[in-house]
There are 4 protein chains.
Amino acid sequence: MVQEKLRVAIVGSTGYGGVELIRLLQAHPHVEITSVISSSSAGVPISEGFPHLTHIIERNLDGVEPADIAAVADVVFTATPSGVSAKLVPQLLAAGLKVVDLSGDFRLKDGSVYEAWYKHPAPDSEWLAKAVYGLSEVFGSEVTGQSFISNPGCYPTATLLGLIPALSAGWIDPKTLIIDAKSGVSGAGRGTSLTTHYAEINENFKAYKVNKHQHIPEIEQVLSQVSGAPVTVTFTTHLVPMTRGIMSTMYASLLGTYTEDDLIELYRQYYEGRRFVRIRDKGVWPATKEVSGSNYCDIGFSVDARTNRVTFISVIDNVVKGAAGQAIQNLNLMMGWEESLGLTFTPVYP
Amino acid sequence: MVQEKLRVAIVGSTGYGGVELIRLLQAHPHVEITSVISSSSAGVPISEGFPHLTHIIERNLDGVEPADIAAVADVVFTATPSGVSAKLVPQLLAAGLKVVDLSGDFRLKDGSVYEAWYKHPAPDSEWLAKAVYGLSEVFGSEVTGQSFISNPGCYPTATLLGLIPALSAGWIDPKTLIIDAKSGVSGAGRGTSLTTHYAEINENFKAYKVNKHQHIPEIEQVLSQVSGAPVTVTFTTHLVPMTRGIMSTMYASLLGTYTEDDLIELYRQYYEGRRFVRIRDKGVWPATKEVSGSNYCDIGFSVDARTNRVTFISVIDNVVKGAAGQAIQNLNLMMGWEESLGLTFTPVYP
Amino acid sequence: MVQEKLRVAIVGSTGYGGVELIRLLQAHPHVEITSVISSSSAGVPISEGFPHLTHIIERNLDGVEPADIAAVADVVFTATPSGVSAKLVPQLLAAGLKVVDLSGDFRLKDGSVYEAWYKHPAPDSEWLAKAVYGLSEVFGSEVTGQSFISNPGCYPTATLLGLIPALSAGWIDPKTLIIDAKSGVSGAGRGTSLTTHYAEINENFKAYKVNKHQHIPEIEQVLSQVSGAPVTVTFTTHLVPMTRGIMSTMYASLLGTYTEDDLIELYRQYYEGRRFVRIRDKGVWPATKEVSGSNYCDIGFSVDARTNRVTFISVIDNVVKGAAGQAIQNLNLMMGWEESLGLTFTPVYP
Amino acid sequence: MVQEKLRVAIVGSTGYGGVELIRLLQAHPHVEITSVISSSSAGVPISEGFPHLTHIIERNLDGVEPADIAAVADVVFTATPSGVSAKLVPQLLAAGLKVVDLSGDFRLKDGSVYEAWYKHPAPDSEWLAKAVYGLSEVFGSEVTGQSFISNPGCYPTATLLGLIPALSAGWIDPKTLIIDAKSGVSGAGRGTSLTTHYAEINENFKAYKVNKHQHIPEIEQVLSQVSGAPVTVTFTTHLVPMTRGIMSTMYASLLGTYTEDDLIELYRQYYEGRRFVRIRDKGVWPATKEVSGSNYCDIGFSVDARTNRVTFISVIDNVVKGAAGQAIQNLNLMMGWEESLGLTFTPVYP
């Protein structure tokens, strides 16, 4: 019997997350894109703003009307700015749609924490409670059969996948966590501002939002849940003169004598059967280009016996595993499909 | 009935062309890679030098032994330096293998021209005669059923696809052809030298091999064939501080009064049914990123009524359409498969 | 006797041209910056938007008031958008100031041509007549003692310095001129738009304004003047993923049998004593990085005996020789100083 | 009276450190370059390998002969690989020359530590004892009048200037120091290898030598000296896809309640009168481009009250303040000149 295709709509199709969803979903065997949606550009062919899609998806952008979407789609990806999803997603759910939300609006369970970091009103608490946090390799089993998934942030994905096995094993001291994160510029979105101007970014390396990034409470919420006690982290974000890629370099004090071999074994067991996490061999650390264009998260370790600290290095493609790829992984889990369906891309190298 | 997989080997698997063949063939539905071959690194896991292939292709590199290859493969891609293929390919053919050669060794029909530009001995003329030049959209019908294909060069692919429809229609004066070509650095291969050193290339734009590039006779041979008379071109190559992509900006005097609309119609008709050539609308020109990671060749036009000249702009991803992608397109044509099989990637953007 | 410092003001100090004027004038021995001016940011310390100037120039931005400027300055550089200078410069001149204008508003002698290409009203023809076109190495002698200089555009500077000696010698056919030009992104200015967004530019090479760039009439005006007859050129502009640098690759048919040695000698004689033009040796072509951060224009040649065409390659730093550096060179000439005063920077390499 | 020029020779003139010494010394008012030296390229014009120096320094490279050098120079800069200086510098000193050594060979006072990290024999201990460690803003007073200076490493310069004021004030816990450092590719030198290949570096961010970099003992030696007790640090180095620039992001636990204002005041007092260290205002952090091409070290702070940790961010241009610029600063101090002589370049921006 031929699999009937799942009908999918993408809100925010003119952002980098949305356009990457299109790229990946075009290659997904069980999915059909039935609407690409943009509040700002409705009526315009999507290939006008994105000529790389010429002949691949010849479709005009639709407006954001929940009823219209429900008429043509089963599932919606909302790749919308924070604040927009807060209002839109409940309408989509009410219209009977399944939703994978890529904004940060439904990740924090405590609305007051959301408001403290995001600086605008949180969604109603009932919706915060309903959203399942879709960090696939950790909470994937909770995603199956659900209809409302909150897709993790890009920095949290790299950071949490790098820390959780050691933290949940009790090998590292949660009071000593320092996270030095670096991202390519696509993470800032397609909006124009001086901070994304080529001449300001090229040949430049800069820190931003030091100790102030809105992904901090998301990381702390999950680490606290995993360790069973409140965790507070020191977290710095930097902008790298490249388009794609995140590296999270993480530091912690060891709570025992563990070697790199121990860590490698622990992580390989933790992620056994999870295709998209790859643990590097001893003495080798991953680079962002080694996962570029793919859904992989690669992790390596260094133990410094002199200080009894461990350094974790975790890399992802922020647009794929940090956004569109993990969102599709969540779709697969929601639908009870193999989690890697449509995502088995080899990284693009060089 | 299940399609039995074609067994494929790749010689030169540690170069950028070879590693891209692996990426693309991994996703090809009718193909199985049975040997990855490197004369210099035999015995080493390929993922050691290319960690992005970890878990994707866990295989040691094999040495270059035609008999061994023939024992495990039906078809060989030779992504080897010029000079190496000249000797190796006849042995592979003699061993009963089909060959798609990505080097420049079998593109020029006249061995003396080869020797003048490549500065080393040409293959025997019988092999030069047997090789079918696989510029898919132009000579694809000659490829079907063949067992020995010479894959076009990267600059010639972009340039020829951009010029042939107008030249064969007699719209442009073949004595006025000027080609100003630009390439990303991956075109120089993975070998190390000062000319590929990051600090020498980054924030730099340079010309090289001006009027001396070995792709000149390849372009002239095909244009002469198409126009029915000897064609000589002025051809400049430049290095762009980016990894992938070629743009060929081409100039010619018009032999009549043709508008951009005329050219667009001519080209759309010429390439009708050929999925991988996309003709841009009037007033819009393609950029290299719009084909990055894909097998597309995108073409745009500008007619200057003041000088009665036309400017053609043609872009490809040099590693895909300019090498590995077109080689697989040729494989598809050789085997009588749909030419786009396994190649329907959406460009990676941004 | 101590040289009394010339008092200088810079209008447009928050653009890339303005901020480069500050960098260069800080090191000029005979000049004192007395006002940095920005219509949009008056009252703000300039180091707020440009932290690299911290402690170097601690001064608030002033507003644009001709009388106020005349009270503190002898000379004004107007690094303002086209259209703004058209109105402002006459007021500055009327206030008794000397002016070096870096906009395109006073370069074209024919106002109707200006309006056809710039798409807004031209300045009054009396001002167009008064402006001296400051292409230093060609028209420098006309600049001495003048009080109103129109500084050449970036593309015209690279192109004209590359073509004029051969054209004025009658060695090349003016009907065959094709100019393929490439620029770094700083040429687009500091304004934000999708066309300067890092993720759209990085790893991308694109053509723009093909046959439509407003520098075309400027180039044609000067070439016509030099050759004594109307010259029309084919001119393409491309954007290179780098910050600084312009290369102009130019093609022409030779009107005789001239070798590369002939051209080298011709150009070395033409530019004898002009420090900022360097002619490369035979078989070597300049790269943009070799002039980065400096006021040099480097030129190389290739003659193709097969087509009897010559290829000229000319490079500049668009922000220095193409803007701020040549403006200061013009100041030096206006004042009767040595033209290289304050400009003898070694290029920054790598 | 006219200042007689100091005669200076540069060993290692074909490396990035050497060629930057040439750029900077060309602009130094009291210095004359009398010999540019390269063991590998003696006899060749330096402008052949570095065309940007055409007409600026027209001189053939000399060989490495201490007696010949002593005949023409008063001071030598040795920008040589580690291991080479160990042998050469004693001969130069014995020949009566003053030496500023840019290699790492004379920075560590304990030869056994040197051998453990550098993996080859240390210089004789008498020379290690004689070398004065020239971190200008901290140990500048010890440099005056000396004849043998060991110039600090690039990572140590950024890191030590960022940490010393807080550490020497007793504000931070030396047991908690974590240093996450990032460098542009020029730091790897001009040698060719896969690790500097453009296509491997571009669009890539990678960690290297994690906890193994040879600058670790240099940093620890100075921090231990400053704090009066042994200090051990966790230190990670990363490669950024850019040519110039280092950022050191440093973490420490505060030993009291200090605000960002406190830190700013402490640092401004510590570095009062030292032109090349600039302390950023509250809430603003420096970026590498803001010091590019200049001798500045810019420093900013973030205090996280939640964890009572401070984050220090320090940036330099690795080729200037991290090598050639600081070497000239040391020359100035040795000679009793103003430390900024010839170094008052405005950073090149953008």
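**Interfaces and salt bridges in a predicted model**

Between chain D and chain C the count of salt bridges is 0. Polar contacts do occur there: 8 residue pairs make them, with both partners at pLDDT 80 or more. Helix α1 (residues 16-26) of chain D gives the most to the side of chain D that touches chain C, namely 5 residues. Sorted by class, that side of chain D holds 11 nonpolar, 8 polar and 9 charged residues. The model is a predicted one, and the values below are computed from it.

The contact between these two chains takes 28 residues from chain D and 28 residues from chain C. The size of an interface is often given as the accessible area lost when the parts come together. For chain D and chain C that area is about 2,600 Å², and carbon and sulfur atoms give 62% of it. On the chain D side, His52(D), Tyr349(D) and Pro350(D) supply 24% of the area buried against chain C, more than any other three residues.

Chain A and chain D form another interface. Here 50 residues of chain A are in contact with 50 residues of chain D. The area buried between chain A and chain D is about 4,000 Å², with 52% of it from carbon and sulfur atoms. Within chain A, the residues that lose the most area to chain D are Glu203(A), Phe205(A) and Arg306(A), which together make up 17% of what that side buries.

In contrast to the count of 0 for chain D and chain C, the interface of chain A and chain D has 4 salt bridges. In one of them, the side chains of Lys182(A) and Asp180(D) meet at 3.0 Å, N to O. Polar contacts between chain A and chain D number 36 residue pairs, both residues being at pLDDT 80 or more. Several elements of chain A each supply at least two residues to the side that touches chain D, among them β7 (178-183), α10 (216-227), β10 (246-253) and β13 (309-316). The largest share, 4 residues, comes from β7(A). By class, this side of chain A has 22 nonpolar, 14 polar and 14 charged residues.

Lys182(A) also has a partner within its own chain. It forms a salt bridge with Asp180(A), the closest N and O atoms being 2.9 Å apart. Both Lys182(A) and Asp180(A) are buried. A further salt bridge in chain A joins Arg280(A) to Asp298(A), again with the closest N and O atoms 2.9 Å apart. Arg280(A) lies in the loop between β11 (277-279) and β12 of chain A, while Asp298(A) lies in strand β12, so the pair ties together parts that are 18 residues apart in sequence. Why do these two residues count as buried? The class requires under 20% relative accessible area; Arg280(A) counts as buried because its value is 5%, and Asp298(A) because its value is 0%.

Lys321(B) pairs with Glu137(B), the closest N and O atoms being 2.8 Å apart. The pair links distant parts of the chain, with Lys321(B) in helix α12 (residues 320-334) and Glu137(B) in helix α7 (residues 136-143), 184 residues apart. Lys321(B) is buried at 0% relative accessible area, and Glu137(B) is buried at 5%. Over all chains, the structure holds 76 salt bridges.

Within chain A there is also a contact between domains. The domain assignment gives domain 1 (6-130) and domain 2 (155-317). Their centres, taken over C-alpha atoms, are separated by 27 Å. The contact takes 13 residues from domain 1 and 14 residues from domain 2. Together the two domains of chain A bury about 1,100 Å² between them, 55% of it on carbon and sulfur atoms. Tyr16(A), Arg107(A) and Trp117(A) supply 52% of the area that domain 1 buries against domain 2, more than any other three residues.

The interface between the two domains of chain A contains 2 salt bridges. Glu20(A) forms a salt bridge with Arg244(A), with the closest N and O atoms 2.9 Å apart. On the domain 1 side, the elements that give two or more residues are α1 (16-26) and α5 (111-118) of chain A. That side has 6 nonpolar, 2 polar and 5 charged residues.

Notes:
Residues are numbered from 1 along each chain as its sequence is written. Chains are lettered from A and ligands numbered from 1 in the order in which they are written. This is a predicted model: local features need pLDDT of at least 70, side-chain atom pairs count only at pLDDT 80 or more; totals for chains, interfaces and linings use all residues. Side-chain values use heavy atoms; hydrogens and water are left out. Domain bounds come from an automatic or database domain assignment. Contact means heavy atoms within 4.5 Å. Buried area is the accessible area (1.4 Å probe) that two parts lose on being put together, summed over both. Ala, Val, Leu, Ile, Met, Phe, Trp, Tyr, Cys and Pro count as nonpolar, Asp, Glu, Lys and Arg as charged, and the others, Gly among them, as polar. A polar contact is a pair of N or O atoms within 3.5 Å; within protein, one must be able to donate a hydrogen and the other to accept it, and residues adjacent in sequence count only if both atoms are side-chain atoms. Buried means under 20% relative accessible area, exposed over 50%, partly exposed in between (1.4 Å probe, protein chains only).
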